[in-house]
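Here is a short tour for anyone meeting this structure for the first time.

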Amino acid sequence: MTPGDTESAGVNGAGAGNTAPVLSTYRLQMRGDECTFADAVALLDYLDALGVSHVYLSPVLSATIGSTHGYDVVDPGTVSESLGGREGLERLSREARARGMGLVVDIVPNHVGVADPRQNAWWWDVLKHGSGSRYASFFDLDLAGDNGVDGRIALPVLGSDDAVQELTVDRSGDEPMLAYYDKRFPIAPGTDEGTGEGTGEEVHARQAYRLVAWNSGLIGYRRFFTVDDLAAVRVEDPAVFDATHEQVASWIADDLVDGIRVDHPDGLADPSGYLARLREVIGPERWLVIEKILGDAEPLDATLPVDGTTGYDALGELSTVFVDPSGESELNALSRRFTGAEGDAPWLHAREHDLKRSVLGSGLAPEVRRLVRAIRRETGDTGCDDASLREAVMAVAAQLPVYRADYAQLATLVPRIVGDLARTQPPLDPALAVFARAMALGGEAASRFGQVCGAATAKAVEDCLFYRAARLISLQEVGGQPGRFSATPAEFHLAWTQRARHWPRAMTTLSTHDTKRSEDVRARIGVLSQVADVWSRRLGQWNESAPAPDPAIGLFLWQTLFGVWPLDGVVTDELRERVHAYAQKALRENGTRTTWTEVDEEFETAVGNWLDAVIDGPVAGELTAFVTEVEPHVAAVSCGQKLLQLLGPGVPDVYQGTELWDDSLVDPDNRRPVEFDVRRRLLDAPDSAPAKFTIVRTALRLRRERPASFVGGAYVPVLATGPAAEHLLAFGRGPAPDDLDVLAVASRRTVALSRSGWKDTTVDLPDGDWSDALTGRSFTGRVRVADLLDSQPVAALVRAR
């Protein structure tokens, strides 16, 4: 098939094309005001020189005007004009291909943006014509009495129930619209006299939708989690799939992209079925990775037609292997002193359970009600009331340790939970039996249960618990398991051996647009495990000098300040504003003193004043001194995890800008513009480039020069011998286990190592002549680690061919 031959490919076929093998990716956050397709074209020479094989784009379909992330798509059928339109995408693909590079694009199948109905033609038509709209089947509408209003679509946008009296009719344009301040909604034909006599409230009463209070608990459509501005679409319907993937299919047919990243597949009614259909569209060879967040020890379903996850599992392994287990007891005690709890695994599990029940009974209550209706509809009148069914659903969902359990490898999980609940809570047994029958039928109720469980986990754990726990916040990351304080090298090597064998093309990552703090901020905070006694003592002194308004929240934010504190101690106005913005988000997600819906302005102001007191007061100098003191050990973690990720199994992604030290926090902070001119200049001055930049450039180029050694290549742990052997983490890569040609070497727990030294610890290199690609020095045979790592904490050894 030749490029442009769209008719023969269609929605169900993929062009053979010239797909380039995906060896590494570099994530760009596309924005109409900062990073367009033209901007990406201008970056290709830099990314090529860095060693990147594929440019990985955030969603590029037409999104809400002014969107800074692209996940609020309003028109799946077009490429965003603000980014450069289809022509701009084609040019970017063409220019990348000319350099031997390619494109990977992020797609959003679960939902579309409906914040401004005027921008979404499908949603506008549904609101205008109701169930008579040609697009009514596109959305997962819920018009039942407990979530809708008299069979109308409930839209939670009003400030209060009485605000319906504030509606007016805007007749200034070509067609009249219902107006609520700056929001506009369609008016169905024949429901407005057009004379100016009908009031807004009267016209509103004639529509297929009902505007209700934002806190009414009513919602007429499935959402992305609890975000009212993102309405879910029914891609399980083949017609809806085709309509929402027409543009994506054309990229394949025209051979514009080499891979697809799928956002949040767990939100879909049938993730497995969706991925099978998507695989048909893109063909058997193109790269396909999914944002699947795995639970503790949860394997990825091997029956899925994908190349792997987007790498949160690898991120967690890289984080914990650099954490020092000797610091756990002191950090437990510190957490107990500030929060009243150690923040260990049992505490986290109990809080997760309680928070899931809370969110299921509040923010996700409409989804739970709808699920109960589906169970009732599918099982009939069993003598079990809705309240009991709702309790059974919430009990099972709260115990589920994964996002959703309807994947093949988790077949025994829900039965075990149901059995445990029946034994420990006998009154639930009748409702659990009804629930079990609905799950066995495998219909709507089973699908909705999976969707509800995923949303409950995301809202309870990632969006709340991870802002409350404060033992060591670097472990509290998307997909993270903060109850598992650290990992041993043996555990790490076994996990990465399995990745090399079973998921050799899975993505690995250290930072994304969704991580709560960048890889380098995590690295610095993680070092606290190595100096736990010192941290505990100094923090106690600092908190006496500048006491936080709330001790538990203070412990969390003290670590955040430490994580982003500049080495020179100069807190710029920009950094101060970023810290304040982060703190506000963290406080509201935490939810114990203030929330998004019930803001405690007095407390938030007190926290802001406290942050300023720390930044401007005597503690600032001590923080600077402490950050400077631990900096060599932070650098060891930062460089070590980067080298291991880039040379490890899978396809590593470099998030934009993280080839240099990055102090980003949670979104939108991590989507700030990147100063690429600074990075570009380092290509011409390699001798003055920071160590991290050199590591990224060296590792990416090695992957490109020796592809057979990496994606699909062998992974072999390399062990040291001697008194400091536990401080070395190393592995070999090559076409085969007996043909290794690259060794990645990193040091860990360097605070303790700095006291004892490597002494006579050695490592035996495989046969051949080896050179460190980072320093140019040569080695062979048995090498003293003190010699190998005398100038920096990592080495990238390459065997001469």
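This is a predicted model: local features need pLDDT of at least 70, side-chain atom pairs count only at pLDDT 80 or more; totals for chains, interfaces and linings use all residues.

Helix α7 itself spans residues 246-253, and because 7 of its 8 residues are buried, it is largely enclosed by the rest of the structure. The buried residues of α7 are Q247, V248, A249, S250, W251, I252 and A253.

**Around H111**

Next, find H111 in strand β6, which covers residues 111-113. Is H111 buried or exposed? H111 counts as buried because its relative accessibility is 1%, and the cut-off for buried is under 20%. The side chain of H111 makes a polar contact with the side chain of N110 at 3.1 Å. A polar atom of the H111 side chain also lies 3.4 Å from the backbone oxygen of Y71. Setting aside neighbours within four places in sequence, H111 is in contact with Y71, F224, L230, A231, A232, V233 and D263.

D263 is buried, at 5% relative accessibility, and its side chain meets that of R261 in a salt bridge. R261 is buried as well, with a relative accessible area of 1%.

**Salt bridges**

Side chains of opposite charge can pair when their charged atoms come close. How many salt bridges does the structure hold? There are 71 salt bridges in the structure. Three of these pairs are set out below.

| Pair | N to O distance |
|---|---|
| D263 and R261 | 3.1 Å |
| R749 and D324 | 3.3 Å |
| R576 and D612 | 2.9 Å |

Look at R749 and D324, whose side chains meet in a salt bridge. R749 lies in the loop between β22 (742-747) and α26 (750-756), while D324 lies in the loop between α9 (312-320) and α10 (328-339), so the pair ties together parts that are 425 residues apart in sequence. Both R749 and D324 are buried.

**Around D612**

R576 and D612 form a salt bridge, with their closest N and O atoms 2.9 Å apart. This pair links distant parts of the chain, with R576 in helix α21 (residues 573-590) and D612 in helix α22, 36 residues apart. The C-alpha atoms of R576 and D612 are separated by 8.0 Å. Helix α22 runs over residues 601-616. D612 counts as partly exposed because its relative accessibility is 23%. The side chain of D612 also makes a polar contact with the side chain of H580, at 2.8 Å. Apart from neighbours within four places in sequence, D612 is in contact with R576, H580 and G617.

**Two helices side by side**

Finally, turn to helix α14 (residues 413-424) and helix α15 (residues 429-441). Their axes come within 9 Å and cross at roughly 165 degrees. How do α14 and α15 run, roughly parallel or roughly antiparallel? Angles over 145 degrees count as roughly antiparallel, and α14 and α15 are therefore roughly antiparallel to each other. The crossing of α14 and α15 is left-handed. Where these helices meet, V414, V418, L421 and A422 belong to α14, and D429, L432 and F435 belong to α15.

Terms used:
Residues are numbered from 1 along each chain as its sequence is written. Side-chain values use heavy atoms; hydrogens and water are left out. Helices (H or I, at least four residues) and strands (E, at least two) are DSSP runs, numbered from the N terminus. Buried means under 20% relative accessible area, exposed over 50%, partly exposed in between (1.4 Å probe, protein chains only). Contact means heavy atoms within 4.5 Å. A polar contact is a pair of N or O atoms within 3.5 Å; within protein, one must be able to donate a hydrogen and the other to accept it, and residues adjacent in sequence count only if both atoms are side-chain atoms. A salt bridge is a side-chain nitrogen of Lys or Arg within 4 Å of a carboxyl oxygen of Asp or Glu. Axes are lines fitted to C-alpha atoms, for helices over the stretch in contact, and angles run from 0 to 180 degrees between N-to-C directions. Angles under 35 degrees count as roughly parallel, over 145 as roughly antiparallel, 65 to 115 as roughly perpendicular and the rest as oblique. A crossing is left-handed if the near helix is turned anticlockwise from the far one by less than a right angle, and right-handed if clockwise.
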